[in-house]
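Let's take a walk through this protein together. Have the structure open and follow along as we go.

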Amino acid sequence: MGTAAGDAAEQPPAAPEAKRAAAPRTLVFTYGTLKRGFSNHGLLQDLARDGDASFVGAATTAPRLPLVCGPYRVPFLLNLPGAGHRVSGELYAVTPRGLDRLDELEGVSRAHYERLPISVLLAEGAQVDAVAYYAHRGYADDLWARSGKKGYPEYSPAVADGYIRRKDRPQQLTFLEQIRVFVSSQSS
């Protein structure tokens, strides 16, 4: 008769895909270039192919929040509850490994965006807790002022018109320097 430890040793190790499927998932609200049809959605497709993300459904922010465009029509959700609109987007369930990849894209360690909690409403009306990538608090107020304190309810193709991919932007300035230049310029 084997012990519990002995029984576990006789079990074959779980495949990496099975471990990812069983990994805890974080709900991530996407509102900009990570959405289907936009330039960074390929990352979510890669994560889904690897078992690190799955589409949950359409969602809208429960609180009104400003969604603005910064330099190069880059979208930013601002952590200023009560201002702006209920923003439309998409909800994904993401593994810790997938979150690491999203954090890298969003420049969390470089103070480009911050991953913070958000409440969202699913299409069928349920309210769930998730996370979203907000403009970093170090420049969010400046972006809101630069936008004339007007935001968008959705990052649509019309709003995104003029978006410039990261690889096509001037490389002599960091992203934070590009934001500083943008917020100090006159709005058009």
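Asp52 and Arg97 form a salt bridge, with their closest N and O atoms 2.8 Å apart. This is a predicted model, by the way. Asp52 sits in the loop between α3 and β2 while Arg97 belongs to helix α4 (residues 96-106), so the pair ties together parts that are 45 residues apart in sequence. Is Asp52 buried or exposed? With 0% relative accessibility, Asp52 counts as buried, whereas Arg97, at 41%, is partly exposed.

Searching the whole structure turns up 8 salt bridges. One of them joins the side chains of Lys35 and Glu154, at 3.8 Å from N to O. This pair links distant parts of the chain, 119 residues apart: Lys35 is in the loop between β1 and α3, and Glu154 in the loop between α5 and α6. Here Lys35 is buried, at 5% relative accessible area, and Glu154 is partly exposed, at 38%.

Now find strand β6, residues 113-122, where 7 of the 10 residues are buried. β6 pairs with β2 in the antiparallel sense over 3 bridges, and Thr61 stands opposite Val120 there. β6 also runs antiparallel to β7, joined by 9 bridges, with Glu114 opposite Tyr134. β6 and β7 make a hairpin with 4 residues between them, and Gly125 in the turn has a positive phi of about 105°.

Finally, look inside. The largest nonpolar core has 47 residues, and Leu78 and Ile118 are among those touching the most other members. β7 gives this core its largest share, 6 residues. Beyond its close sequence neighbours, Leu78 contacts residues including Leu65, Tyr134 and Trp144. In soluble globular proteins, nonpolar side chains tend to be buried together.

Notes: Residues numbered from 1 in each chain as written. Predicted model: local features only at pLDDT ≥ 70, side-chain atom pairs only at ≥ 80, totals over all residues. Heavy atoms only, no water. Buried < 20%, exposed > 50% of the residue type's maximum accessible area, 1.4 Å probe, protein only. Helix = DSSP H or I, 4+ residues; strand = E, 2+ residues; numbered from the N terminus. Pairing = 2+ DSSP bridges. Core = buried A, V, L, I, M, F, W, Y, C linked by side-chain atoms within 4.5 Å. Contact = heavy atoms within 4.5 Å. Salt bridge = Lys/Arg side-chain N within 4 Å of Asp/Glu carboxyl O. Lists of a residue's contacts leave out its neighbours within four places in sequence.
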